[in-house]
Structures are given as C-alpha cells and as structure tokens.
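Keep the view open and work through them in order.

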Amino acid sequence: MASALINVPERAKRGEVIEIKTLISHVMETGYRRTQLGAPIPRDIVRRFVCTYNGTEVFSADLHPAIAANPFIAFSTVAVESGTLTFQWTGDNGFSVTESARITVE
Amino acid sequence: MNRREFLRATGGLAAGIGALIAVEPASATPATMQDAIRKVVGSARVNPGRVKLDLPPLSENGNAVPLTVSVESAMSQADHVKAIHVFNEKNPQPDVVSFHLGPRAGRATVSTRIRLADTQTVVAIAELSDGSFWSARAAVVVTLAACLEDA
C-alpha cells in the first residue's frame with residue numbers, strides 16, 4: 001500500500017494563505033529504462049494529483065515521467081472555512097490513493 | 001542613485017535582454033520542446049518575465065532536482081494564474097508537469113522535484129486568466145543523469 005505524507009496547518013486565520021506539502025511513495029517508473037537483459041520496463045507513474053477543499057477543486061497537477069520518484073508537490077491555498085482538504089493521486093495500473101486532512105479556520 | 005538601485009536597474013535590464021533573446025524562435029532549443037510549448041499556448045505570444053523559475057545551477061543527481069516556480073500575480077478572481085507548465089529540452093519527453101491553479105490558490109508558487117536526463121534548459125510557462133502567457137527559463141548542469149541506469 002502506497003503511503004502519503006501531507007503537511008497542512010491544523011488551524012489558520014480566515015483569508016490566510018497556507019502552504020500545503022504533499023509526498024506520496026511511488027516508483028514513477030518512466031517507461032524508458034531497461035532491465036539488464038534488455039527488456040523494457042513498462043511505464044508506471046502517477047498521472048494526476050487533485051486537491052479539493054470542502055468539495056471544491058483548488059489545485060491539480062498533470063504529472064509526466066520527468067517527475068522524480070516519490071512525487072513531492074508543494075502549493076498553497078486560501079483558508080476560507082473550516083473543513084476537509086482531500087488529496088487524490090491517480091495513475092497507471094489503476095493506482096489511486098486518497099488522503100484527507102482537517103483544517104480549523106477561525 | 002545609490003549602488004543598490006544601480007545594480008537593481010542594470011541587473012533587471014540584463015535579465016530582460018537575456019529573456020528576449022531566449023524566446024526568439026531561432027534559439028537552439030530542440031524542436032520537440034517548441035512543439036510541446038506550441039501545443040499548450042497555441043498561437044498566443046509568450047512574453048518573458050513575471051515568472052520566476054528556481055532550479056539549482058548545478059545538480060549532482062538528475063533523478064531529483066528541486067524546482068520552484070512562482071508567478072507575480074494578484075491571484076484575485078479577475079486576475080490570476082490559471083496554469084503553470086514546465087518543459088525541458090533533452091529528456092525523452094518534453095513535458096515535465098502542468099499545474100492548474102485558480103484564485104483559490106492565494107499565491108502562485110509551486111514546488112516539486114523533477115528528473116533531468118542531461119545538462120539542459122528548463123522552461124516554465126504561466127497561463128494567466130486574461131489569456132496571456134509568461135515564461136522563464138533556467139539552465140541546469142547535471143552531473144549524474146536520470147533515466148539511463150539499468151534496473
């Protein structure tokens with residue numbers, strides 16, 4: 001099971017811009033490498049990352065093989081209301097991981 | 001004018017000229033990257049400036065090169081960054097990543113880690129809500145290339 005690390009501040013002031021850091025463990029196999037016997041290794045990457053804030057999409061990314069293994073993405077969003085931030089990674093071979101984090105906005 | 005102001009003024013000028021030259025289609029960038037950029041921007045003009053692309057000038061390991069892109073923008077409903085696209089010249093594929101932002105992002109700064117197969121130039125292009133495109137580029141020297149090793 002893949003595991004994800006998410007760093008979201010637990011509480012923030014209304015209207016504050018918060019930074020969110022995410023990391024997911026994934027090999028991000030490019031599809032361009034070969035085994036020592038010369039057989040190509042098929043591509044296996046995370047293709048898409050989406051962050052939703054109480055159901056509204058606030059950030060997304062389309063990833064290509066040029067993203068390093070264990071994709072790290074840091075971005076920011078405006079703390080508008082208390083609620084849940086949901087993070088979803090989807091990719092090749094049916095890869096799909098969803099994580100969420102609570103934030104309290106005062 | 002004191003020393004600091006002088007340096008800022010001349011430094012900005014030099015950077016502007018450098019970027020202008022870089023965006024000329026006649027520059028030596030491989031055609032595949034230009035094609036990939038055209039696919040995203042269409043026939044729109046790509047202006048240099050407003051984008052800051054942070055990459056280490058020298059990277060010992062091309063398998064994970066830290067990259068930060070920030071765009072000067074108010075990030076309001078009327079004026080915000082819609083997307084940031086990153087391209088490279090010499091990897092097997094010219095696309096690196098596309099980030100989709102909106103006014104809810106608050107700040108147009110994104111970081112990630114990328115792979116670079118060779119010493120090359122990386123280009124970041126920001127798409128703004130008014131339909132304009134802005135770009136920045138950075139050259140990276142890579143001593144250990146990604147993508148080539150056997151598994």
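Before you start, one definition: a residue counts as buried if 20 or more other C-beta atoms lie within 10 Å of its own. Bear in mind, too, that this is a predicted model.

**Exercise 1.** Work out what chain A is built from and what percentage of its residues is buried.

*Solution.* Start with the elements: chain A has 8 strands and 0 helices. From the N terminus on, then, you read β-β-β-β-β-β-β-β. Next comes the outline, where the C-alpha atoms fill a box of roughly 60 × 20 × 20 Å along the principal axes. Finally, apply the cut-off from above: of the 106 residues in chain A, 29% are buried.

**Exercise 2.** Find strand S4 of chain B and say which strands pair with S4(B).

*Solution.* Go to residues 65-71 of chain B; that's S4(B), and 5 of its 7 residues are buried, so the strand is mostly covered. One partner is S2(B), residues 51-54, which runs antiparallel to S4(B) and is joined to it by 4 bridges. Within that pairing, look for Lys52(B), whose bridge partner is Ser70(B). Another partner is S7(B), residues 109-114, again antiparallel, over 6 bridges. Here Thr68(B) stands opposite Ser111(B).

**Exercise 3.** Describe how the two chains meet, and find a strand pairing that crosses between them.

*Solution.* Begin with the head count: chain A and chain B each put 28 residues into the contact. On the chain B side, the elements giving two or more residues are S6(B), residues 95-100, and S7(B). That side divides into 11 nonpolar, 11 polar and 6 charged residues. Now for the crossing pair: S6(A), residues 72-78, and S7(B) pair in the antiparallel sense over 2 bridges. To spot the place, find Ile73(A), which stands opposite Thr112(B).

Conventions. Residues numbered from 1 in each chain as written. Chains lettered and ligands numbered in written order. Predicted model: local features only at pLDDT ≥ 70, side-chain atom pairs only at ≥ 80, totals over all residues. Buried ≥ 20, exposed ≤ 12 C-beta atoms within 10 Å, placed from the backbone. Pairing = 2+ DSSP bridges. Contact = placed C-beta atoms within 7 Å. Nonpolar A, V, L, I, M, F, W, Y, C, P; charged D, E, K, R; others polar.
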